[in-house]
Amino acid sequence: MKFKISLPEKPSHRAPVTCVGWSSTEEVYSAGDDSQLLSWAVSTARATKVAQLAADVYPTDLHFLPRAGAALGKHGDLILITCVDGRFHIVTRAGKVERSVEAHKGAVLVGQWGSDGTGLLTAGEDGFIKIWSRSGMLRSTVVSSENSVYSASWSPDGQAIAYTQGKCLVIKQLAPNTKPLKWKAHEALVLCLAWSPASELIVSGGEDCKYRVWDSQGRQMFSSTFHDNHIISIAWSPNGDLFAIGSFNTLRLCDYSGWSRSLEKPNTGCIYKMAWSTDGTQLAGACANGQVLFAHVVEREVHYMNFTALVSEKKLVTVKNVIDETNEQLELPERVIQLALRYNHLVLTTPTQCYIYNTTNWNTPAIFDLKDGSVILLLLCEKHMLLVEKTTVGIYNYQGRLIASPRWPNMRLDHLRSSHITLSPDTLAVRDAGDFKSVHIIDLTNTRTSTETTNIQHSMQIIQISLDQWGETSSRKLVVLDKTRDLYLVHIRSTNKIFSKLGRKIESFQWNASDNIIAAIQDTQLVVWYCPTACFNAKLLKICSMQYDSPELGRSPRISDFIGNSVSVRRADGALLNVPVSPFPSLIHKYAQDNQWTEALNLCRTTNNETVWACLAVLAIQSNSDTIDIAEEAFANINHHEKVFFLQHIKTLPNKVEQKAQLALLGGKIQEAELLLLHNGMVFQAIYMNMNLHNWTRALDLGIKHKTHIDTVLYLREKYLDSLGKPENNNKFNTLRETIQIDREKVEQKLAMELQKRKSSS
Amino acid sequence: MLTNSQNWKFQIIMGEFLGRAGIFFDEVDRICILEPEVSKLTSDLKEECQIYIEKIDEFQKIVNKFIAMVDQLGEAVERKKIKAIGARNILQSMEKEKETHHHQLQALIAEKSMELERLKIHLNSLQKTEMEQNEVINELTHC
């Protein structure tokens, strides 16, 4: 991935250009020390003069009012221009000055609209940061310091401001009575900073000729090597996956984690300011030699299995098949904005259309028109794909037909990030835009239900969700990463959605593209869970997983992709590592899915690997078919003798239903076991099972519901608490205890009778 | 009538007389107030002055010509000098440009070598993967 730079032959400004901004994806505005406001058509790189500002106006910063949603609002395109003389001007698109406000003593150095467009911040040489309403009324003075504020930025949610102070960076929350977070960021003056619009990352650059990436707690994520000159400008791409660094004769494109993707040395002098177009494919820069620089991101790559697709030019995509070394050139009428390659389909979007290619046929893509013309997100799964535009969400099949338009509560698409939405062949899951603890689940199996959502609540704020891609609809699993970096698994089709923990300190994770296997970075090592459903038992989970701990992973690696039998890990320095994963667990998964247990068993016997046996054991006890013998053999092979004994005990049970229930219990499916028993009228067993699990309240509820054995529950509970020497503290039990008389002997008798009945039915 | 000698005498006497009064006659008997010798000397001086002026004029002309010539030469020298300075500057800036170009290329090389390093690591890991896969295949074919 790199920049392709185009510079107009002659500079259109007579003096250094100080600021640039995008009015649309095709038009750039620039202003310079010659007080001219120029508009550039990007395709031709030709400038037309919009306005000659007053002679004493020396602009320092220019920012277009962000468009909230797709609508422009009644105010139209407003440009905020800040000046050296301490004023800022609000200018219309046509160049008419609407309002001029005296804002600071000395020069105003920063002017930035808030992301919702209702307010703006200015920062000046006098050390003040002020927030203004759109009409130019002073709302508040947020910061007053002694040092000049060279750069400042809103946080993505608009609740905080990051700014520079000498060698330090400061994050100031706007909520009152919060202490600002301040840390030393550079060895010399900090000149520029930018807060990612999509994440918690901040990049800063300074006179020590380095740029650094920070998280919002002030922890350093990356520090660059020395550059030849000061870092003067930084700009984040709108979706937060790239940022650009500007310096003297230097333009660098960096990955969000900091490592440099490419370096260009254009002959422009200093690049004072840069701005990305809203689709994240183009960048404009204001250069000291009076030129305006245009850069286009080319050579974006996507890989899947044996295919590699590369945007080699604006309108040209090259697809390479590495097996037969064939190349395909796909020419498009417009420039490519997004591309995704998965499940044998390549999907491209241009400003107006979406192209779907099948990997078997590159000649006839399915084409359909986009509704709004700007795709925010593109997610692919095996059967269909999700396309999020500015105001609409659509599920399309690979023939290009719209098959569903899912809706969910609190749908705010402009805040949607790829980590907050996940698609599987039958389900869509989205994190709520306001309540970060809840996830909406949308069933896509039929069109009628695609507007109904169920909600799952977690106890912590969720930062990433992901659905498994394979397997039956009824066993669809969602994996949730929360703010404390704990990873949980939840069966979304089960009635009570229990979160079971997979692991802690998870930095990143990913489902396999076609198997129910998870790869994750836990602390500094790579963990692959071959059977995530084994998470009910930590010991089992550990056996059927792979830990890859190697110094070559480096300090903070992250999962880049997980396709087939290899995990691709991105190191902190940008290098990709390929870590092979055992192919057998996925085969076992497939055999189990197709009920070919003997083949699975044969495979295990051939490979004779503990992990594979463990996978088989887990799948066997979680299966609905008759797999006790297989489970027994599998557990015997991983030396879990207690489970073997238990399985043998199950086999002696007289009742088929009870056998199944016990097996389900062994597989950690308590709910299923209880349902099985209740459906077959074995209320006592259900209650007894719950009591054995110390799930007293549930046992009591069952007793009350079925009006039987309430006294048994109460009696056993009492006995249990007595043995521990603890008083009853559950109100439900206390109140019932008062109303119901317990005849000890009678209960003991009843109990004995029930147990006898169980035995005698054999 | 006076005789010639008388006339002569008279003339002398008159001459003396007139001479005392400051009046003289020159050779062509015109009355003048300067003594004839002085007058002659004066006219001689005048002539000589004339000649001198003429000579000086000529000299000035020559000098002017010379000055113009020198000026021209100076100008030419100045032009050459500036040209030389310009050339020297260009040379110097070329050197500098070369240096910055060198720097730029160096930076680009560093970038590429980093990229190369990344690719090497990737290749290494892929080779390792290949090895492991071969191992698995071997295992499966030989059992």
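Tutor: What follows begins with the aromatic pairs, moves to the charged ones, and ends with the contact between the chains.

This is a predicted model, in which local features need pLDDT of at least 70, side-chain atom pairs count only at pLDDT 80 or more, and totals for chains, interfaces and linings use all residues. Residues are numbered from 1 along each chain as written, chains are lettered from A and ligands numbered from 1 in written order, and side-chain values use heavy atoms, without hydrogens or water.

For the rings of Phe, Tyr and Trp (its six-membered ring), a pair requires centres within 6.5 Å, with planes under 30 degrees apart called stacked, over 60 edge-to-face and the rest tilted. Over all chains, this gives 15 aromatic pairs. One of them joins A:W40 and A:F294, and it is edge-to-face because the ring centres are 5.8 Å apart and the planes stand at 65 degrees. A:W40 belongs to strand β4 (residues 36-41) of chain A and A:F294 to strand β28 (residues 292-298) of chain A, so this pair ties together parts that are 254 residues apart in sequence; strands here are DSSP runs of E, at least two residues, and helices are runs of H or I, at least four, numbered from the N terminus. A:W40 and A:F294 are both buried, a word that stands for under 20% relative accessible area, with exposed meaning over 50% and partly exposed the range in between (1.4 Å probe, protein chains only).

The rings of A:Y488 and A:F499 also make an edge-to-face pair, because their centres lie 6.2 Å apart and their planes meet at 85 degrees. Here A:Y488 sits in strand β47 (residues 487-491) of chain A, while A:F499 sits in the loop between β47 and β48 (500-503) of chain A, 11 residues apart. Both A:Y488 and A:F499 are buried. Elsewhere in chain A, a single aromatic cluster is formed by A:Y211, A:F222, A:W236 and A:F243.

Charged side chains meet rings as well, where a charge is taken to sit over a ring if NZ of Lys or CZ of Arg is within 6 Å of the ring centre and within 35 degrees of the ring normal. A:R431 lies over the face of A:F436, 3.9 Å from the ring centre, and A:R717 lies over the face of A:F733, 4.6 Å from the ring centre.

The side chain of A:R717 meets that of A:E728 in a salt bridge, at 2.9 Å from N to O. Because A:E728 lies in the loop between α11 (710-724) and α12 (731-739) of chain A and A:R717 lies in helix α11 of chain A, the bridge ties together parts that are 11 residues apart in sequence. A:E728 counts as partly exposed at 23% relative accessibility, whereas A:R717 counts as buried at 10%. A separate set of residues, A:D426, A:D443, A:D468, A:R476, A:K477 and A:R493, is joined into one network by salt bridges that share partners.

Another salt bridge links the side chains of A:K501 and A:D486, at 3.5 Å from N to O. A:K501 lies in strand β48 of chain A and A:D486 in the loop between β46 (477-482) and β47 of chain A, so this bridge connects parts 15 residues apart in sequence. A:K501 is partly exposed, with a relative accessible area of 38%, and A:D486 is buried at 13% relative accessibility.

A:K669 takes part in a salt bridge with A:E672 (3.7 Å, N to O), and A:E672 is partly exposed at 32% relative accessibility. Setting aside residues up to four places away in sequence, A:Q622 touches A:K669, along with A:T533, A:F536 and A:G667, contact meaning heavy atoms within 4.5 Å. A:Q622 itself is found in the loop between α4 (610-621) and α5 (628-637) of chain A, and at 16% relative accessibility A:Q622 counts as buried.

Between chain A and chain B there are 2 salt bridges, and B:K128 forms one with A:E552, the closest N and O atoms being 3.4 Å apart. The contact takes 21 residues from chain A and 16 residues from chain B.

How values were computed: A salt bridge is a side-chain nitrogen of Lys or Arg within 4 Å of a carboxyl oxygen of Asp or Glu.
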